[in-house]
Amino acid sequence: MAQDNFSRVTEFILLGLSDTQELQLLFFTFFLLAYAMVLLGNLLIIVTVRTDPKLSSPMYFLLCNLSFIDICYTSVTIPRVLVARLSGHKAIAFEGCMAQLFFLHFMGSSEMFLLTVMAFDRYTAICRPLHYTAIMARGVCWALVAACWVGGFIHSIVQTVLVLQLPFCGPNMIHSYFCDVPPVVHLACADTTLTEWLMASNSGLISLGCFLVLVASYVLILAKLRAHLSQGHWKVLSTCTSHVMAVTLLFMPCIFTYLRPAGTLPTSMYVCVIYTILSPMMNPLIYTLRSSEMKESMWRLWKRCRA
């Protein structure tokens, strides 16, 4: 059948996480509290870093950018979930669905690249301290952050174009609370085998590649510290452990979701909650509570606000 004979889908229905009224209320409360924590936590980090000259190192510059991405990343999906629950309107226009898919992958892949840059920053600071200032100069930091955004944009454009070239003639029910590549591609009225493999090699390999680079950087750091486990190095080791937990929380669900064609294995919609909500919610806690400098700066900011 020619593609012109398809009656094109004009909207999708986002079914959410549950049809049960009680569970819908529970999820709404969770989403609302999680979004509030993401906004407050990450805005606090941005304001603290921007207002305290003592937090001018590359690490805090990158952390500030991570907080900004986390705010944008969660704002792509959660506000619409909350509005849909209050209004009872689950439909999303085809164009809105494609826009959500684009910005979700744009922000998500940019965050993965940025976390990789942050791991490189930690490796340089610990393993090459004498050259750290030269390697992570301000201009270099800006260039690395710009590269993360450009890489995320290119990745997202590729994903969106691959979806847009597919015909959609119905059904239009998406068993999730946001538009993403696997559930949307599953609704296409065509053989999507090649497209699914292309998408898996794009999103999946990016997730896996960044994760392996991160793991390699922390292995090198641990190898460097193995013979010098002083009190200061124990603190660094503890910090690296928390960072590994943070990146695992983001990367493992993404690798499971995207490093395979859609439909080859059943994917629980609840896995998406981990990397779209839990990971951005935990980042402010993981990346700030281990930093005495950040906590002291926040305390100074609090005292200035009360004065």
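User: Is the link of cysteine 169 and cysteine 189 left-handed or right-handed?

Analyst: The link is left-handed, with -115° about the S-S bond. This is a predicted model, where local features need pLDDT of at least 70, side-chain atom pairs count only at pLDDT 80 or more, and totals for chains, interfaces and linings use all residues. Residues are numbered from 1 along each chain as its sequence is written, and side-chain values use heavy atoms, leaving out hydrogens and water.

User: Why is cysteine 189 called buried?

Analyst: Buried means under 20% relative accessible area, exposed means over 50%, and partly exposed lies in between (1.4 Å probe, protein chains only). Cysteine 189 has 19% relative accessibility, so it counts as buried.

User: How many disulfides does a search of the whole structure find?

Analyst: The search finds two. Another disulfide joins cysteine 97 to cysteine 179, with an S to S distance of 2.1 Å. Here too the link is left-handed, with -120° about the S-S bond. Cysteine 97 lies in helix H4 and cysteine 179 in the loop between strand E3 (173–174) and helix H7 (181–185), so the pair ties together parts that are 82 residues apart in sequence. Cysteine 97 and cysteine 179 are buried. Counting bonded cysteines along the chain, the pattern is 1-3, 2-4.

User: Why is the sulfur of cysteine 272 too far for a bond?

Analyst: The closest cysteine sulfur, in cysteine 254, is 9.0 Å away, so it is too far. Cysteine 272 is buried, with a relative accessible area of 8%. Cysteine 305, at 57%, is exposed.

User: What are the distance and angle between the axes of helix H4 and helix H6?

Analyst: The axes of H4 (residues 94–127) and H6 (residues 138–164) come within 7 Å and cross at roughly 145°. Axes are lines fitted to C-alpha atoms, for helices over the stretch in contact, with angles from 0 to 180 degrees between N-to-C directions. Helices are DSSP runs (H or I) of at least four residues, and strands (E) of at least two, numbered from the N terminus.

Notes: Disulfide = S-S within 2.5 Å.
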